[in-house]
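Please look over the sequence and the structure before reading on.

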Amino acid sequence: MTKQMASGVDMNHWFYIRRRLRERGVEMITSATVEEVKREAILLKVGEETKKLSGIEAIILAVGVRSKNELFEPLKEASREVQAVGDAREPRNALEAALDGAKVGAKI
Ligand SMILES: Cc1cc2nc3c(=O)[nH]c(=O)nc-3n(C[C@H](O)[C@H](O)[C@H](O)COP(=O)(O)OP(=O)(O)OC[C@H]3O[C@@H](n4cnc5c(N)ncnc54)[C@H](O)[C@@H]3O)c2cc1C
């Protein structure tokens with residue numbers, strides 16, 4: 001797990017999300033490594049300590065994203081000018097992807 005929660009989320013949104021999570025008694029653990037997933041519990045390594053989480057109803061994996069752009073290199077070799085935009089360049093959000101496309105579109 002990362003050191004920071006919701007690192008890509010707007011600070012204003014995160015303020016309200018975090019408040020709602022706290023109000024509902026959600027324990028937020030960062031910088032942890034999942035060591036074992038058992039039927040009745042999950043074992044987490046947090047620093048030097050092993051933590052056992054039990055009473056689990058669901059496990060949701062949100063493990064990050066990376067670009068899928070394997071077409072880029074072959075196209076670059078086959079053409080004079082090829083630009084990667086949006087998530088193919090770097091995964092972010094829809095607005096940034098659209099802005100990327102608009103900037104490149106304005107240049108050509
Ligand atoms: C689960 C999830 C939730 C998200 N939620 C949000 C959100 O709430 N708000 C937000 O702003 N952003 C969100 N995003 C991010 C947002 O979806 C992306 O940043 C945005 O869609 C990137 O746009 P894009 O045009 O670069 O790529 P995409 O939207 O991925 O478009 C690429 C297109 O190319 C097509 N394609 C790929 N390979 C080929 C090929 N070889 N030939 C032909 N077509 C091909 C794909 O099928 C796809 O249609 C979310 C992303 C995910 C995965």
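In which sense do β2 and β3 pair, and over how many bridges? The pairing of β2 with β3 is antiparallel and runs over six bridges. The model is predicted, and what follows should be read with that in mind.

**Overall architecture**

- The protein chain contains three helices and three strands, and their order along the sequence follows the pattern α-β-β-β-α-α.
- The C-alpha trace of the protein chain spans about 55 × 30 × 25 Å along its principal axes, and its radius of gyration is 20 Å, whereas a compact globule of 108 residues would have one near 13 Å.
- Buried residues account for 0% of the 108 residues in the protein chain, a label that would require 20 or more other C-beta atoms within 10 Å of a residue's own.
- When contacts between residues at least 6 apart in sequence are considered, 17% of them join residues at least 24 apart.

- Strand β1 covers residues 32-37, and because the number of buried residues among its six is zero, β1 lies largely in the open.
- Strand β2, at residues 41-46, runs antiparallel to β1 and is joined to it by five bridges, with V34 standing opposite L44 in β2.

**Helix α1 and its surroundings**

- The 13 residues of α1 reach 18 Å from the first C-alpha to the last, which is close to the 18 Å expected at 1.5 Å a residue.
- Since the number of buried residues among the 13 of α1 is zero, this helix lies largely in the open.
- After α1 comes G25, whose phi is positive, near 75°.
- I17 and S67 are 50 residues apart along the chain, and their C-alpha atoms are separated by 27 Å.

**Helix α3**

- Helix α3 comprises residues 94-107, and its 14 residues should span 20 Å at 1.5 Å a residue, which agrees with the 20 Å between its end C-alpha atoms.
- As with α1, the number of buried residues in α3 is zero, here out of 14, so α3 lies largely in the open.
- An α-helix has 3.6 residues a turn, so residues three or four places apart point the same way.

**The ligand shell**

- The residues that surround the ligand are L71, G86, D87, A88, R92, N93, A94, L95 and A97, and by class this shell divides into five nonpolar, two polar and two charged residues.
- Among the residues around the ligand are A94, L95 and A97, whose numbers place them within α3, the helix of residues 94-107.

Methods:
Residues are numbered from 1 along each chain as its sequence is written. This is a predicted model: local features need pLDDT of at least 70, side-chain atom pairs count only at pLDDT 80 or more; totals for chains, interfaces and linings use all residues. A residue is buried if 20 or more other C-beta atoms lie within 10 Å of its own, exposed if 12 or fewer, and partly exposed in between; C-beta atoms are placed from the backbone. Helices (H or I, at least four residues) and strands (E, at least two) are DSSP runs, numbered from the N terminus. Two strands pair if DSSP finds at least two bridges between them. The expected span of a helix is 1.5 Å times one less than its number of residues. A residue is near a molecule or strand if its C-beta atom, placed from the backbone, lies within 6 Å of it. Ala, Val, Leu, Ile, Met, Phe, Trp, Tyr, Cys and Pro count as nonpolar, Asp, Glu, Lys and Arg as charged, and the others, Gly among them, as polar. The radius of gyration is taken over C-alpha atoms; the globule rule is 2.2 Å times the number of residues to the power 0.38. Two residues are in contact if their C-beta atoms, placed from the backbone, lie within 7 Å.
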